[in-house]
Amino acid sequence: MTKQFFISIVTMLCCSMSISATCLRMTADSTKTKQELDIYAEVYDHMTHDNVDSVRAELLNGRDSCFIDTVKVEVWNSWNNGVTKKHTHLSTVVSKAGTYILRVAANDYTTQYVPFEIKKIYKHETQRQLKPIYLRHVKKLNEEELDEVVVEATKLKFYMDGDTLVYDADAFPMAEGSMLSDLIKKLPGVEMEKGGVIKVNGKKVDAMLLNGKDFFNEDRELLLDNMPSYMVKSINTYERVPESAQNSVMAKTTEKEMVLDVKLKKDYNEGWIVTAEGGGGTTFFKNDDGKYDVKYLGRLFAMRFTKKSRLLMCATTNNVNDTREPGEEGNWAELRQTQGLTSNVMANVNYTRYFAEKTRYEGSLKSTYYDITDANNTSNTTFLEDGDQFGRSSYAKRSYDWDITFNNRFRTRNEFAESNLLKQFYFNINPFFYYKKRNYHEDAASTQLDKDVASNLGKAWLDSIYAPLASGTLKRYAKNRDISASKGIGHWYDSHNFLTFGFTPAHNDKVAFTLDINHRLTEDKNDAYEHNYIDYPKTSEPSKFLNNYITSLERNHNIRTNLEMDFIAMKNCYLSLGVVHYYEHTNNNNPMYQLHKLSGWDTRDTEHSLGNLPSMDEWLTTMDMQNSSHSITDKNIFTPFITYTFDHDNDSTKVNYHAYINASADFIREEMEYERGNMLKTNPSRNAKTWNANISLTRRKGGTPNYMNLSMDFNESLPSLVTLLDIRDNSNPMNVTLGNPNLKRTHNYNASYYMRQKLGKTMMYGGARANITKNAVAQGIVVNGLGERTTKPENVNGNWNANAYVGLDVSLDKNEKLRLGNTLYYSFNNNVDLTGTTKNDSIAKRSVVKNNILSDNLKLTWQPSKKMEYGLFGEINMQKSTSRRENFNNIDAYTFNYGCRMQIELPYNFNISSDLSVYSRRGYDDDAMNNDELVWNARIAKRMYKGKFTIMFDGFDILGNLSNVYRNVNGQGRTETFYNVIPSYGLLRLVYRFNKQPRKS
């Protein structure tokens, strides 16, 4: 099926190429008698470089200034040619070489006469771009200054400006101290996830711009978390051709990217902006030691703007590792709460310099120190053929990490009107370096029970697991108990060098070439020390103590080269042909030493603390030959590919149709030298090929947000060479792992649909996605009578999943004061896995679990005035898991939350915001999880000294009810985990704002 699918695509592409070539010859023959050249130019204001309205233009003869023709004038939005601001575009046609003049006029501007010469019209040339035309304002005398008139109108929260969806920032009341991330969360149809991932009506944002320029996309969280929301004028979203492909043949063959452009208010477009903030407070409740925890926050954010440069300096320190702001709805929805407690110190410098409109340098230097405390308690059930197994575990980790990132990029894109070598070229070089130093300490305890009696252990179950002597409950039901401690130090570095060079030959608008080179070096080094105490309370099996020292080092060197040619096959039809070569060399060394083989290092109460080592002569003699490995791998992959693109604009309906078909094959040569102590020495290798294909169909309507996309793709993946080795790793006797030489390649089939439609005041969006996986890799488990597990990878079939969602945002009144938003989501997952067995001579059995998830999120917002905003919100998440396997208990659990929020601007520059939410869980096996949590947050703020200073008090989770839980169900079992979260606290903050603009001439 796979080869037939690929062959059919290649056949279709070859037919398209043949037809395209024939049509191209016919087109060439029909244009031999007469060839016309399209002339383009853009018009800008001389001072602001903004577009100019009311432009009129004529084409004149350069010898006698006689009128030839009227020039067409259009105002285009950014997505049409990649420019991220509105601009005025002139276009005309000349049919022969000669000297010409453009006469350009506009209201309140001096008329400009622009001469240009066409020396020759070349055979494959269809268009020529002139230099931008800059108009100067007419100087007016005796200007009369009128009295100021204030006109208040209803603010539209969002509207369409051509093909750009514009959100007016002033239409969204914001609490004092709010940042850009808080503003984005309020935008209708916009979601922001952890890590700076932003989705607009369900579509992921590929690039984030500032005033139309790519200043902070490499580290967008820096801008999101530190730029004050009051600086923002609007947030624009649209699609554009990637910068490297603009104004070339590749503009049609390259998929458009979704852009989110942050536009600043006029007062912040030039000059210095400084925001300094500091705060301190305590938790509302005492910790386990009977004390209140101190909380603090400090932040310095400074930006300097000029017309050609941006400088950002930022420094933060805090131990409140969340981004919550009172007055927001939905921030504590299930599975979204920040896990762990983090203190950090961060400093960053980011600089961008524009040398020309399309030539710039970007550089950033960032360093961060983290002090992280993670903890969780887990309840799990493992599905076994002859009776499930139940477990309880606890985990705690303290880590100290430090990292530094140095990123540089130089980009330029130039066009040459009269060059005999190049028409245009794009050049990008991007050196990147990252280094991370890590230091950690972990403690963990777990027990496996043959009956679900965890509740009998009570709240002191953790103490009973850690106790030197097992309790009566453990002796009756516990198959094993594992108490471990580990610590380690290590580092990771990553060095990248990207180079892109693309060009179009001179006097040719039908072909373009691109060369991409990516060179990368990485190193991952870690020294780990582990103490493991394992006993078997229910049996007389002797206990075990493991004292291991593991040192690992992996170095990777790879280089990826991509050569591509794009050309016009016929009108509206484009082809891309290319080849990618990828080379990778990996050296992986993982020796393991069993220090418990030495006298005095072999008991739980050893006097040698964790992290100590004997003399080198001693610990070198303790190498675990079975579990120490060394490998050297070389991989070469050649990937030829072909892409067919159809792109058509209907001028009458303003509808764009875009079709994209891509097919490729990976020819893989892989060799390995593998050693596993003195147990195994082998040199596996393979030659293989995998197939990949993708089809995408898109419909857009210009001037509206209406958009539809249907895509399908297929890909194959191979198991790693190490996985295919017949090896046994028992470094952890509780979890032994095996290889499997019989693993097959995995096939993935995907299909997706996405739509966005505006009907009157209603914005609708939705989508669906389906995935089928053939020969998925599952970990088969065999459990012996002591609860020790042996896992082996196996191929299974029957895995598939599908999901669909639909959302809307609608104004319920003509003044846009009352808005309703709702998103409905459904997901089905047919999970096929391998359950465990307690029969040592048996293999794992097939298990199928069907998961149904249904969720609905509702928001109602009322804004009676600019100074008031109220909201109601609610969300429900339902999960139903079923299986035909024997003894499976169907799961029918759900969570829901509802609440209200408000934000009010009071007299005397006071601002109050607050939210009240109820979070509820039902259907969980553990009664402690079936609870209701009432969560209240509040903030009161006051501006002083003309807004330069703001003092505010924040209360987070004032009632102290918040917790965090994660639930997962698959074919092997189910897991319920409680995580430690940031505690409730109060924080008093003082904010200082400074803005200095250059003196106006």
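Is I940 buried, partly exposed or exposed? I940 is partly exposed, at a relative accessible area of 39%, where buried means under 20% relative accessible area, exposed over 50% and partly exposed in between (1.4 Å probe, protein chains only). The close-ups below come from a predicted model, in which local features need pLDDT of at least 70, side-chain atom pairs count only at pLDDT 80 or more, and totals for chains, interfaces and linings use all residues. Residues are numbered from 1 along each chain as its sequence is written, and side-chain values use heavy atoms, with hydrogens and water left out.

**View A. A nonpolar patch on the surface includes I940.** Here you can find I940 together with L906, Y908, F910, I951, F953, L988 and L990, with about 740 Å² of accessible area together. Areas come from the Shrake-Rupley method with a 1.4 Å probe, and for residues only the protein chains shown count as cover. Patches are made of residues with over 30% relative accessible area and no salt bridge; like charges are joined within 9 Å, and nonpolar side chains (Val, Leu, Ile, Met, Phe, Trp, Tyr) within 5 Å. Strands β48 (949-956) and β51 (985-996) are the elements that give two or more residues to the patch. I940 itself sits in strand β47 (residues 932-944). Strands (E, at least two residues) are DSSP runs, numbered from the N terminus.

**View B. D954 and R939 form a salt bridge.** Their side chains meet at 2.5 Å, N to O; a salt bridge is a side-chain nitrogen of Lys or Arg within 4 Å of a carboxyl oxygen of Asp or Glu. D954 in strand β48 and R939 in strand β47 are 15 residues apart, and both are buried. The whole structure holds 31 salt bridges.

**View C. Y400 and its contacts.** Y400 belongs to strand β23 (residues 389-415) and is partly exposed, at 33% relative accessible area. Leaving aside neighbours within four places in sequence, Y400 is in contact (heavy atoms within 4.5 Å) with Y369, Y370, D371, K437, R438 and N439. Y400 and N439 are 39 residues apart in sequence, yet their C-alpha atoms are 5.2 Å apart in space.

View D. D371 counts as buried at 16% relative accessibility, while R398 counts as partly exposed at 35%.

**View E. M227 in the largest nonpolar core.** Such a core is a set of buried Ala, Val, Leu, Ile, Met, Phe, Trp, Tyr and Cys residues joined through side-chain atoms within 4.5 Å. Of its 37 residues, Y167, L180, M227 and I235 touch the most other members. Strand β17 (residues 257-264) gives the most to this core, with four residues.
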